[in-house]
Amino acid sequence: MAKPGRDIGERAVEGLFDEIEHKPEHRRIFMPCRLIERGSLADLSAQNPQRVSGAGRV
């Protein structure tokens with residue numbers, strides 16, 4: 001999975017500053033992520049696992 005590391009870090013720092021300033025906002029934050037298809041992606045339910053092409057692409 002590809003996750004936006006920089007954005008996650010920025011949100012974490014913003015949350016820390018909010019805590020320091022005694023104005024915490026406890027809410028869910030949804031960040032985009034996407035599946036990166038690599039050779040390790042396989043259909044493990046098959047007798048002879050084959051690479052699954054296009055599985056989960058966003």
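Student: Let us start with one residue. How exposed is Lys 23?

Tutor: Please keep in mind that this model is predicted. Lys 23 has a relative accessibility of 46%, and it therefore counts as partly exposed, the class between the limits of 20% and 50%.

Student: With which residue does the side chain of Lys 23 meet in a salt bridge?

Tutor: The general idea is that side chains of opposite charge can pair when their charged atoms come close. Here, the partner of Lys 23 is Glu 21, with 3.3 Å from N to O.

Student: How many salt bridges does the count give?

Tutor: The count is two.

Student: Where do Arg 6 and Glu 10 lie?

Tutor: In an α-helix there are 3.6 residues a turn, so residues three or four places apart point the same way. Both Arg 6 and Glu 10 belong to helix α1, where they are four residues apart, about one turn of the helix.

Student: Why does Arg 6 count as exposed?

Tutor: Its relative accessibility is 69%, and exposed means over 50%, so Arg 6 falls in that class. Glu 10, by contrast, is partly exposed because its relative accessible area is 42%.

Student: How many helices and strands does the chain have?

Tutor: The chain contains one helix and zero strands. Helix α1 has 16 residues and spans 23 Å from its first C-alpha to its last, close to the 22 Å expected. Just after α1, His 22 takes a positive phi of about 60°.

Student: Which residues form a nonpolar patch on the surface?

Tutor: The patch consists of Val 13, Leu 16, Phe 17 and Ile 20, which together have about 400 Å² of accessible area. Phe 17 lies in helix α1, residues 5–20. With 49% relative accessibility, Phe 17 counts as partly exposed.

Student: What share of the chain is made up of buried residues?

Tutor: Of the 58 residues in the chain, 5% are buried. The chain exposes about 5,500 Å², and carbon and sulfur atoms supply 52% of that area.

Student: How far apart in space are Ile 36 and Ala 2?

Tutor: Their C-alpha atoms are 6.5 Å apart, although the two residues are separated by 34 residues in sequence. Ile 36 is found in the segment after α1, and at 30% relative accessibility Ile 36 counts as partly exposed.

Methods: Residues are numbered from 1 along each chain as its sequence is written. This is a predicted model: local features need pLDDT of at least 70, side-chain atom pairs count only at pLDDT 80 or more; totals for chains, interfaces and linings use all residues. Side-chain values use heavy atoms; hydrogens and water are left out. Patches are made of residues with over 30% relative accessible area and no salt bridge: like charges are joined within 9 Å, nonpolar side chains (Val, Leu, Ile, Met, Phe, Trp, Tyr) within 5 Å. Accessible areas come from the Shrake-Rupley method with a 1.4 Å probe; for residues, only the protein chains shown count as cover. A salt bridge is a side-chain nitrogen of Lys or Arg within 4 Å of a carboxyl oxygen of Asp or Glu. Helices (H or I, at least four residues) and strands (E, at least two) are DSSP runs, numbered from the N terminus. Buried means under 20% relative accessible area, exposed over 50%, partly exposed in between (1.4 Å probe, protein chains only). The expected span of a helix is 1.5 Å times one less than its number of residues.
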